[in-house]
Amino acid sequence: MYPKSPFLRNSLVESQILRRNANQLEELMNWLCRPPTITTYRVNTLRISVPAFKQKFQQILFEKYAKPPKVYEIPNIPEVVCIPPTPLSLLDLTKKETEPLREVVVDGCCGAALLRGAHIYAPGVLAMEAGTKLGEEVLVYADLAGKCKQGTNTRYESDEKLFLGVGVVRMQRHQIYGPAAVDKAEPSKGVAVEMIATTSGVPSIGDLSSNEALLQNLPSIVCVRVLNPQPGERVLDMCAAPGNKTMHMVEMMGDQGEIIALDKVVNKITTLQEKITANSLKSVRSYAFDASRVYDAAKVPEDNACLEMPPYAANTFDKILLDAPCSALGNRPLLTVSPHMSARMLDSYPKVQRKLFTAAVPLLKPNGVLVYSTCTVTEQENEGIVAWVLEKFPQMKLVAATPRLGGSGLAYNGLSDVERQYLQRFSHDTTEAEGVPIDAVGFFIAKFIKKY
Ligand SMILES: C[S@@+](CC[C@H](N)C(=O)[O-])C[C@H]1O[C@@H](n2cnc3c(N)ncnc32)[C@H](O)[C@@H]1O
């Protein structure tokens, strides 16, 4: 059903991903193509209790499904609420595919979102057959070959068309592709097809994020738990936008302390600052700044004074999160990877990651904690960076990344077995933790303490 690898047109790049652990490549690629079946929300415990949110959410599922999935929590990470897949019969969906229904085609990215519970928004519709009416049931496919033209009004035939599920039409062709939309004078927006069921079984309820809870991947939540920011601490979030982990830190710190959130993209920081202002947060300030220049050797540490704008002096922060820019190859389901992704592009990430790490080390106070994370699966951006850090910075000690819900790191030159087990890698073999099922995106977490 799902492709066997997202790199079907790019096998050279595929072979770059796991060179030392190539025996795991096939299984990893299969897993990357399949969607995570468990949806996770992080509850903002400053606004609502977890039991109250759970009850509200369960009610939403009751209203939609005759047999609603039962939401559950994860021991050790109390702010997470998990929604398992609906007990939907794949058989029924497969039968539906043989019915004489009209078809809608979306691109690979939109298809991936549908498999995780989203509806189809107007800009995502590549093809809708002519004559399709409001309220009509349609079969929904993803175009993996990238050949379907936007606005197609006939049946799109292709061997690389992946059946995703069934939906109900909420916008007709003229609303999606009408003159205003085509001119881009007024790009069409809104839900064009509301999904009823998809082959992943993930409830099609869209993104129900609010100021009470955020739809967030489980490993991203674990990552901030591993950093464990405490009220009153000084924390640097080096690559912060869109700010999901920053907000989690604020919640863990009860909005007490100082968080400096940086991102080099100005627009992203503007949006993050709007969020900070709208929530009247006192502890966090954001700056558009290149974090690889955030350390200034000539600056004198400012004892208890409020931190000014970057750059900063040595020994300034109690904790640093380096949630690094990366190749993002853990974002399941990866139905297809751009044929333009090259080995050279993959090789460019570790260079940036090393630069950011080099800026972070002096900024950390002795005994300070640094968490390095990525949402990718390549060895060189994960275990490779950790091995490099241990060789280059003798003051940085690798410690266990707990709480642990992911598996161990992969074997890598320069990493002992014990060090490998300190790492946390969410991968194809991460299926259970703390007695509950886990099915997450690909992610990597390493935790360091600065000895001196
Ligand atoms: C993985 S995303 C961060 C996600 C974020 N931590 C969150 O959880 O919402 C990486 C971010 O790093 C930013 N970035 C890339 N290079 C950077 C640099 N040199 N300095 C600061 N930010 C950078 C990108 O703009 C991007 O927003």
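This briefing describes the fold of one protein, one of its sheets and the surroundings of its ligand. The model is predicted: local features need pLDDT of at least 70, side-chain atom pairs count only at pLDDT 80 or more, and totals for chains, interfaces and linings use all residues. Residues are numbered from 1 along each chain as its sequence is written.

**Overall fold**
- The protein has 13 helices and 20 strands; helices (H or I, at least four residues) and strands (E, at least two) are DSSP runs, numbered from the N terminus.
- Buried residues make up 44% of the 452 residues; a residue is buried if 20 or more other C-beta atoms, placed from the backbone, lie within 10 Å of its own.
- The C-alpha trace spans about 70 × 50 × 50 Å along its principal axes.

- Four strands form an open antiparallel sheet in the order 2-3-1-10, where two strands pair if DSSP finds at least two bridges between them.
- Strand 2 (72-74) and strand 10 (213-215) each have a single partner strand, so one side of each is left without a neighbour in the sheet.
- Strand 1 (residues 39-43) and strand 3 (residues 77-83) pair in the antiparallel sense over four bridges, and Arg42 stands opposite Val80 in strand 3.

**Ligand surroundings**
- The ligand is surrounded by 18 residues, of which the closest are Cys239, Asn244, Lys245, Ala291 and Asp323.
- Helix 9 (244-252) and strand 12 (258-263) are the elements that give two or more residues to this shell.
- The shell holds eight nonpolar, four polar and six charged residues; Ala, Val, Leu, Ile, Met, Phe, Trp, Tyr, Cys and Pro count as nonpolar, Asp, Glu, Lys and Arg as charged, and the others, Gly among them, as polar.

Definitions and conventions
Near = placed C-beta within 6 Å. Buried ≥ 20, exposed ≤ 12 C-beta atoms within 10 Å, placed from the backbone.
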